[in-house]
Amino acid sequence: MMIGGQSYQAGAGQGRPWTFYALAILFGAYLLFLYGPMLVMYVLSFQGPNGGVTFPMVGVSLAWFADIVKPGQMANIPVSFARSIALASAVSLLTAAISIAAALAFRRRFPGSGLLFYLAVASLVMPSLLVGFGIGLGFKMLGLKPSLFTSALGAQLTWTLPFGVFAMFAVVNRFNRSYEEAADDLGASPWQRFIHVTLPILLPGIIGVAMGAFTLSYDEYARTTLVIGDRNTLPLEIYALISSATSPTLFAIGTATTAVSFLIIAATLWRIFHIQRRRAAAAQ
Amino acid sequence: MTILTRPAAPLPRLLLPALPRRRLKPWLVSWLQVSPLAFILIVLFALPTFLFAVVSFFDYDRTGIYPAFILDNYRDLLTTPATIRVYVSSLTFAVIVWAITLFLGFNIAHFLIFHVRSAAVRTVFFLLCAIPFWTSGIIRTIAWIPFLGRNGAFNQIVMGAGLTSQPLDFLLFSRFAVVITYINLFTLLMVGPIANSLAKIDPALLEAARDAGASRSRVMVEVIIPLSKTGIALGSILVFTQVMGDFFVVKAMSGGQAASIVSALATEIQAMQYPPASASAVVLVCFVGILVAGMMRVVDVRKELVK
Amino acid sequence: MINRNLQMAGRVSAQPRFDVELVAVTKRYGQTLAVDGISLRIAPASYCCLLGPSGCGKTSTLRMIAGHEHITDGDVLIRDRNVTDLPSAKRGTAMMFQSYALFPHLNCLDNVAFSLKMRGIGKAARHDRARGFLRLVEMEDFADRLPAQLSGGQQQRVALARSLITEPQVLLLDEPLSALDPFLRGRMREELKRLQRELGITFIHVTHSQDEAMALADLMVVMHEGRIRQSGTPREIFEQPASAFIARFIGGHNVLSTPHGLAAIRADRCRIGQAENGAGCSGRIVAVEYQGPVVRVALQTPAGEQASAIVPDSLFFSAPVRPGEAAALVWSEQDVHYVQAG
């Protein structure tokens, strides 16, 4: 986690300067701006069965939620949602594993490290659709069919890996090499050292990267759209529905999927918190 | 106890042979560790880029594409006024969005790092900023529609408060809507890197500046902003490339009033006109590449990130 | 019992000539020469201190003996075994890191038992042995605590137990007392000396504090700019420093130019008085420092050289002097020790 919070204004306990209030108001306004449209969406998803996509609310109902699971146009939503989760999980695990290995490698200067670094930067700043375009083109020329866990996975990795690797650099830099030397001293082989010392100590950072990658993948549509094949992930399914069927169902979908991702992340965090709590208690 | 002030004659290594060492050379270990990353970046990024660069020189017609080396695609692209128009439009969006997100991002990051004293509260605030990203960007974009439309929430509030009598039309399906959406989506890209840079500033530096008599604004200008150069550069790179590479927001929120470079590209891809699409892609890549290279001159990115 | 185990752990010969031998050991970092062809022999079961200012190469030397630093040139022998190309775990050494490097995710017991776990020893057996070593350092009650819950001194003792459980032939300590407060430092100093005697193995202890080195060492090795300047017992070095640098670094000496050359004179053998019989130098008093049992009087000669006298308090107060007064520093000729420059 980041350090900071040391105010360079008057010492702690003294009054806040006017800039504090100004910035606090700005931050509050920003949060409102950030959440505003989403709140509107959450509310409108409970729109009455005769209402439209804007206010006023014509009654309150769960009709549009029901629409998601009814057979029909929206029927693909739960399936594509499941696909999104599956893909995001795969991307997140792969990103975490590949990032930690790469970050450990970059502790030394090795031939080609500069080139690889700038390649990662380039992958990050390249307009997403072009990446998908290139991969799609390649698949087409090789006669391969694009699909979820080949081309789509690969395209998303070009997006999540640079983020993951750069985040890992920060994590690994904070890691004190003495721990590894101590492990060496005590007879650990390089693999034992990695499993028993390096990995456990870096674990919180790795989990952070995994969760970040999950979010990036889940939300991703630009890189994925040209290489997804014929089975959409959720963002692409929604994209397809926007032009054809604009109804409060879209909002219901948004609310429902937000709730599910919220639950997943909250559950993961709670689990981690629980494990840490148990470890600290055992030490008492 | 022996005293030795002169070096002894070195023992010949043959008499006491050293036991062999079985260890990999360090750079080889690094290569092995970095190979998955290298593989993915080369096969799934570098090669495809090279591929469409090559295809940009191909010939095409209604039935297919033909390997060739012609410059027609580029000529057509660069001499069409529409191309210039759309680049200018995208660049305008990018600059406006960049300026606003920089202002917002810097102040928010500054608030979170320097004004918020409790680490727990800071974490909560960061989480609050990040939670919206658990909802798909597409959904968040279209969520603006009921908010900004003629019958939308904003107009209802504003009319209800008596500020206007007519609903404000320009809010939705306009350039304004596009900019608002970009800001909503991309401000966090500024907040993150800048907050990271600010957190690395040693508080002792700021106290020393204050002791030397600098007012708070001088401290900001002379100390804080220069030291957060990296974060600003990184955030700027991210925001610029996201705006230049966008195809969805412009389409959904501008109501046809604006076009984006990439959405035009997407249309060509739909029509299977790969060579001109590739040429378009190459021109965009070069353009973005020059921008990014320029921004990276400001800061040594590698040193900052890898340390 | 632990003694015997450690003695039986001596691999090659029951009576090696030296515990540690460095033969023309050199360390280069790129273009920088950190350690310049040093040679050293340490007798069995001695307490050796590597002493020197920052950047003199003492830590690099220690890490090369440990195997954590690649040796650019030369050989390191441990009990007559050439270990130059061996990894750290196979040298028969154990290292105590300056930051202790206790694994933060393991409790004390698991930290100490770590090396046994790496060797594949079962949980019950290794926990048993680990508890024994925790008992040795009086940390048995803290077995279930995490390192973050311990004080600096406690962490150090656990780190010590963790190193000793590997039954090393040589224990390497990297500035072990620097992070402790003065009171704790004194106690740990006694602990370390006692442990070394009881265990009967060699300790190599890196420090920049001459007091520490003189108190602990059987063999004191003064290093500067990558080379060994003098090695011997603390008494030999204090009474007969080989050069002006050593005289100044070791403290308690005045280095003055005399008609016969550069001389080092112990400050506690100097007195403030009249320059009648014996040697002396005159000048102006610049400082009078009360230090409890003694008073340090600093004097500056017209040539600009500084010298001090360390005078017992009763003697000083019978004829006190003040800063600014003209005075003379006197000593007897037999206390003059001529040194080389540099």
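A helix here is a DSSP run of H or I with at least four residues, and helices are numbered from the N terminus. The model is predicted.

**Exercise 1. Describe the make-up of chain A.**

Step 1. Count the elements. Chain A has 10 helices and zero strands.

Step 2. Read along the sequence. The pattern of chain A is α-α-α-α-α-α-α-α-α-α.

Step 3. Check burial. Of the 284 residues in chain A, 45% are buried.

Step 4. Look at the contacts in chain A with a separation of 6 or more. Residues 24 or more positions apart account for 75% of them.

**Exercise 2. Work out how H6(A) and H8(A) pack, and which residues do it.**

Step 1. Take the geometry. The axes of H6(A) and H8(A) lie 10 Å apart, at an angle of about 155°.

Step 2. Classify the angle. Angles over 145 degrees count as roughly antiparallel. H6(A) and H8(A) are therefore roughly antiparallel to each other.

Step 3. H6(A) and H8(A) cross in a right-handed way.

Step 4. Find the residues. From H6(A), the contact includes Trp159(A), Phe163(A), Gly164(A) and Met168(A). From H8(A), it includes Leu202(A), Gly205(A), Val209(A) and Leu216(A).

Step 5. Sort them by class. The contact of H6(A) with H8(A) has nine nonpolar, six polar and no charged residues.

**Exercise 3. Describe the side of chain A that touches chain B.**

Step 1. Count the residues. In chain A, 82 residues are in contact with 85 residues of chain B.

Step 2. Name the helices. Those that each supply at least two residues to this side of chain A include H1 (18–44), H6 (148–173) and H10 (248–282).

Step 3. Find the main contributor. H1(A) gives the largest share of this side, 16 residues.

Step 4. Sort by class. The side of chain A that touches chain B holds 61 nonpolar, 19 polar and two charged residues.

**Exercise 4. Work out how H6(A) meets H1(B) across the two chains.**

Step 1. Take the geometry. H6(A) packs on H1(B), residues 26–55 of chain B, at an angle of about 135° with axes 10 Å apart.

Step 2. Classify the angle. Roughly antiparallel needs an angle over 145 degrees, and roughly perpendicular runs from 65 to 115. H6(A) is therefore oblique to H1(B).

Step 3. The crossing of H6(A) and H1(B) is left-handed.

Step 4. Find the residues. Gly154(A), Ala155(A), Leu157(A), Thr158(A), Leu161(A) and Val165(A) come from H6(A). They meet Leu37(B), Ile40(B), Leu41(B), Leu44(B) and Phe45(B) in H1(B).

Step 5. Sort them by class. The contact of H6(A) with H1(B) has nine nonpolar, two polar and no charged residues.

Technical notes. Residues numbered from 1 in each chain as written. Chains lettered and ligands numbered in written order. Predicted model: local features only at pLDDT ≥ 70, side-chain atom pairs only at ≥ 80, totals over all residues. Contact = placed C-beta atoms within 7 Å. Nonpolar A, V, L, I, M, F, W, Y, C, P; charged D, E, K, R; others polar. Axes fitted to C-alpha atoms, helices over the stretch in contact; angles between N-to-C directions. Parallel < 35°, antiparallel > 145°, perpendicular 65-115°, else oblique. Left-handed = near helix turned anticlockwise from the far one by under 90°. Buried ≥ 20, exposed ≤ 12 C-beta atoms within 10 Å, placed from the backbone.
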